Amino acid sequence: MKIGDKVDVLDDDISGIITKITSEIVTVMTEDEFEIDFSATELVVVQKKDISDKELQVDKISSIISEKEQTGKPIKRIKSKERGLPPMEVDLHIHQLVKYTKGMSNYDMLILQADTAKRKLDFAISKKIQKIVFIHGVGQGVLRAELEFLFKRYDNLKFYDADFQKYGKGAVEVYIFQNKNV
């Protein structure tokens with residue numbers, strides 16, 4: 001790893017560019033322009049290779065396709081149990097969003113959580129994802145109230161408590177209607 005490399009966080013939906021490396025700590029500038037420190041073991045360098053015109057020649061493509069067909073790997077079928085699962089989960093616990101909360105007021109944390117929820121919801125709408133679960137946790141209900149206020153500003157969705165067995169009382173499931181104009 002070196003400064004300037006594009007990296008993904010292994011156990012989170014965060015990616016960015018390395019801006020600083022000191023001993024075991026790697027500072028990453030996220031796509032949302034937040035600098036977050038990670039251990040080097042939490043990151044993986046993303047290799048994006050541009051495909052040249054030479055590599056896109058028809059005979060090479062047909063040989064690749066025939067090679068893939070010969071491997072005979074079965075197509076993965078989605079089990080009926082997996083079909084009902086929401087395709088996207090967003091954990092809004094503050095420790096999942098930032099490594100250190102030192103210096104952040106409760107208001108700063110709430111704003112970060114609400115902004116993250118709005119950004120993820122807009123992403124889901126743009127990618128035509130129908131279900132998204134926001135995990136807010138159980139507390140005094142401030143974040144939940146903020147989420148409900150956010151959701152009421154959209155006409156193309158409905159929201160309700162997520163599966164109690166899986167999330168307890170600390171999550172909201174949002175269903176996005178895809179055929180309405182936004």
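**View 1. An open sheet of 5 strands, ordered E4-E3-E2-E1-E5, pairs in the antiparallel sense.** Strands are DSSP runs (E, at least two residues) numbered from the N terminus, and two of them pair if DSSP finds at least two bridges between them. Because strand E4 (35–39) and strand E5 (43–45) stand at the edges with a single partner strand each, one side of each has no neighbour in the sheet. On average, neighbouring strands of this sheet are turned by 45° against each other, direction ignored, with axes being lines fitted to C-alpha atoms. This is a predicted model, in which local features need pLDDT of at least 70, side-chain atom pairs count only at pLDDT 80 or more, and totals for chains, interfaces and linings use all residues. Residues are numbered from 1 along each chain as its sequence is written, and side-chain values use heavy atoms, leaving out hydrogens and water.

**View 2. Strand E1 (residues 6–9) is joined to E5 by antiparallel pairing.** The pairing of E1 and E5 runs over 3 bridges, and Asp8 stands opposite Val44 in E5.

**View 3. Ile3 lies in the segment before E1.** Ile3 counts as exposed because its relative accessibility is 56%, where exposed means over 50%, buried under 20% and partly exposed in between (1.4 Å probe, protein chains only).

**View 4. The whole protein chain has 6 helices and 9 strands.** Helices are DSSP runs of H or I with at least four residues. Of the 182 residues in the protein chain, 31% are buried.

How values were computed: Axes fitted to C-alpha atoms, helices over the stretch in contact; angles between N-to-C directions.
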